[in-house]
Amino acid sequence: MTLNISDRNKLLSDPQIEPEQHEVALKALESMTVEILFRESGPLKSDTDPIIVNHACAITDISLSQKRPFAFLLCCIVGEALAHLVNPAAIPYLEKSVLLYDEKFPHADSPEMVGNSLEILGAIKHAQGDRDAATAHFARALAIYSENMGPDHYRTVQCRIKVRQVLEGEAPL
């Protein structure tokens with residue numbers, strides 16, 4: 001699959017394109033973004049092509065501005081991808097994914113994905129030395145996991161350990 005940024009920009013800004021064609025093109029770009037980030041992630045490396053990262057951010061921003069169904073999924077995935085690249089731009093995407101989940105935005109119904117966003121935010125805040133914010137993010141993820149997946153689910157158990165580690169002054173795993 002090839003990213004053609006000039007074609008993307010033309011499709012999204014050309015007034016000659018019918019609304020139906022614009023919608024089909026945007027859906028295809030959203031799907032392609034998710035597919036590329038899933039394929040690329042493992043996690044993304046520092047040498048990941050910046051065009052991929054910029055494309056993912058641009059499509060996510062468009063989806064957010066238009067309140068599209070893919071917005072939540074893209075925020076979660078782009079936020080995680082940027083966090084793996086130690087890119088501070090991850091924080092707004094991760095925070096937006098949590099906000100969309102809290103607002104019961106259509107298709108923002110994955111407790112595991114929002115829990116993951118909260119865990120990443122917790123790790124970022126811990127690395128920045130903000131223990132209180134880190135604890136709050138990890139505790140919120142723990143509550144979501146526990147409520148939706150049960151107290152013995154591996155994500156719940158791992159998050160419980162992270163909360164304990166932060167409270168005890170250790171770096172979370």
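## The largest pocket

The largest pocket of this predicted model has a volume of about 220 Å³, where a pocket is an open set of points, on a 1 Å grid over the protein atoms alone, at which a 1.4 Å probe fits, with protein on both sides within 12 Å along at least five of seven lines. Grid points are joined across faces, edges and corners, and the volume is the space filled by probe spheres set on the points. Of the 13 residues that line the largest pocket, His84, Glu119, Ile120, Ala123 and Lys162 are the closest to its centre, a lining residue being one with an atom within 4 Å of a point.

Helix H4 (71-84), H6 and helix H8 (154-167) each supply at least two residues of this lining, and the largest share, four residues, comes from H6. Helices are DSSP runs (H or I, at least four residues) numbered from the N terminus. By class, the lining divides into six nonpolar, three polar and four charged residues; here Ala, Val, Leu, Ile, Met, Phe, Trp, Tyr, Cys and Pro count as nonpolar, Asp, Glu, Lys and Arg as charged, and the others, Gly among them, as polar.

## H6 against H7

The axes of H6 and H7 come within 7 Å and cross at roughly 160°, with axes fitted as lines to C-alpha atoms over the stretch in contact and angles running from 0 to 180 degrees between N-to-C directions. H6 and H7 are therefore roughly antiparallel to each other, a term for angles over 145 degrees.

## H5 and its two partners

The contact of H5 with H6 has ten nonpolar, two polar and one charged residues.

The axes of H5 and helix H7 (residues 131-149) come within 14 Å and cross at roughly 45°, which makes H5 oblique to H7. Val98, Tyr101 and Asp102 of H5 make this contact with Arg140, Ile144 and Asn148 of H7, and by class it has three nonpolar, one polar and two charged residues.

## Basis of the values

Residues are numbered from 1 along each chain as its sequence is written, and side-chain values use heavy atoms, with hydrogens and water left out. Because the model is predicted, local features need pLDDT of at least 70 and side-chain atom pairs count only at pLDDT 80 or more, while totals for chains, interfaces and linings use all residues.

Definitions and conventions. Parallel < 35°, antiparallel > 145°, perpendicular 65-115°, else oblique. Contact = heavy atoms within 4.5 Å.
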